[in-house]
Amino acid sequence: MTDTESAAQLPLSGITVIELGNLIAAPFTGLMLGDLGAEVIKVERPGTGDVIRQAGDTGDAIFTALNRNKHSATIDLQNDAGCEAYRELVAAADIVVENLRPGVTERLGIGYDALSDERDDLIYVSIAGFRQGGPYDDRPGMDVVGQAMSGMMRMTGSSGQKPLRAGTSVVDFGTGVYGAFGAMLALWMRETTGTGQKIDAGLFETASHWTHYWTVFAQLFDDHPPLGSSHPAFGLYDVFETEPNEWLFAGVITKHHWPAFCEAIDAPELLADERFETNEGRQANADVLYDLIQEALRGRDRSAVVDALLDVGVPSAPVNHPSELLDDPHLTALDLLVETQSSGDETVQAMLTPLGGTDIGVSHRCDPPSLGENTATVFESLGLGDRYTVLEADGAFGDE
């Protein structure tokens, strides 16, 4: 039990989730629900499992990060007995999360309509590349498709370079958050209505929502070129190199920040320069200002500059490598970093869902499962031990 859990309750204790998910978006939804206390049963294809398990070392890292607090059950959904086994698990659960290709669950007879006929209080979260009901229904979807079609890639990178995807799967993760948020709303509504519902979340819609203030911007002004690390609203908002290949971010976003910034980096000549007195002036002379600041900061100790800026209230941060988070004192103090085992039996650190409240906590209760590790036990835990024996004889679970 983590310190976070001991000081607060896990709000989804007693809730059972069936996750029929691959790769990132649906497993991320399941991960958050599991961190919050739900019992998550990850249904996987016999022999291969979640597609990400087959992606080598990189896939192992992703699977390890996204699949703690889950139990793996292998079920052969190409087999009638397997579909029956799946329906029996769902009948004992509260929430289904899936991101199979649109139409697959319906073809197998395990889509929302079929399952809700048997249990009308079922909450069913369907994640796809595109929400169903529009002309893009049949298109294959993935994170970078959402980034491309939403305009996000146009805003990423630098002028004169090709559009870039973000450095992590922001659209997958964002859609997973919307999936979990929808599940929470449906649980809350079920308390009043007694019935469940289907929640639809799409990668394209998520990416479009996350870039929509640029859509508004484009209607009021000309489309903006790729931003790099800058922002068109602020005259100083960028990253600068200090020691070789060590970078920091600094942002001057109020009139009080500018004199404080100049004082912190010991550059009174910048404060005295009339070109930079106002935000508009700094915007108009952005290239010249950037070069002057970069010249002033090059070779300095990054930590000292960041500390000096923070001391005078100017937003600033080191541009960290991901590995530097492993020793981050803030994440450590909040008990958000936990040790877990990868499928290669290596001990690694992962990060819990960063939610907390007076009476809400998260926990790390079990490491990511091996494929099919818990098939028999999840049936037994749901009171279906006898059915497991019958369904196993009919080939429902493949070769575990």
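User: How many helices and strands does the secondary structure of the protein come to?

Analyst: This is a predicted model, in which local features need pLDDT of at least 70 and side-chain atom pairs count only at pLDDT 80 or more, while totals for chains, interfaces and linings use all residues. Residues are numbered from 1 along each chain as its sequence is written, and side-chain values use heavy atoms, with hydrogens and water left out. Helices (H or I, at least four residues) and strands (E, at least two) are DSSP runs numbered from the N terminus. Counted in this way, the secondary structure comes to 18 helices and 11 strands.

User: What share of the 400 residues in the protein is buried?

Analyst: Buried means under 20% relative accessible area, exposed means over 50%, and partly exposed lies in between, with a 1.4 Å probe and protein chains only. The C-alpha trace spans about 85 × 45 × 45 Å along its principal axes. Of the 400 residues, the buried share is 45%.

User: How many of the residues of H2 are buried?

Analyst: Helix H2 covers residues 25–35, and its buried residues include Ala25, Phe28, Leu31, Met32 and Asp35. Just after H2, glycine 37 takes a positive phi of about 110°. H2 itself is mostly covered, and its buried residues number 11 of 11.

User: Which residues are buried in helix H3?

Analyst: Helix H3 takes in residues 56–66. What covers its buried residues includes helix H2, strand E2 (39–44), strand E3 (70–74), H8, strand E10 (337–341) and strand E11 (347–351). The buried residues of H3 are Gly59, Phe63, Thr64 and Leu66.

User: Which side chain of opposite charge is nearest to aspartate 172?

Analyst: Aspartate 172 has its place in helix H8 (residues 170–193), and, leaving out residues up to four places away in sequence, aspartate 172 touches Ile24, Ala25, Asp143 and Leu203 (contact means heavy atoms within 4.5 Å). Lys and Arg count as positive and Asp and Glu as negative, while His and the chain ends are not counted. Aspartate 172 is buried yet has no salt bridge, a term for a side-chain nitrogen of Lys or Arg within 4 Å of a carboxyl oxygen of Asp or Glu. The nearest side chain of opposite charge lies 7.0 Å away and is arginine 165.

User: Which helix gives the most to the negative patch?

Analyst: Patches are made of residues with over 30% relative accessible area and no salt bridge, like charges being joined within 9 Å and nonpolar side chains (Val, Leu, Ile, Met, Phe, Trp, Tyr) within 5 Å. Glu106, Asp113, Asp117 and Glu118 gather in a patch of negative charge on the surface. Glutamate 118 lies in helix H6 and is exposed, with a relative accessible area of 54%. With three residues, the helix that gives the most is H6 (residues 112–118).

User: How far apart in space are leucine 297 and threonine 58, C-alpha to C-alpha?

Analyst: Leucine 297 lies in helix H14 (residues 286–297) and is buried, with a relative accessible area of 1%. Not counting residues up to four places away in sequence, leucine 297 touches Phe240, Glu241, Thr242, Ile265 and Val305. Leucine 297 and threonine 58 are 239 residues apart in sequence, and their C-alpha to C-alpha separation in space is 36 Å.

Definitions and conventions
Areas by Shrake-Rupley, 256 points an atom, 1.4 Å probe, with all protein chains shown as cover. Charge placed at Lys NZ, Arg CZ, Asp CG, Glu CD.
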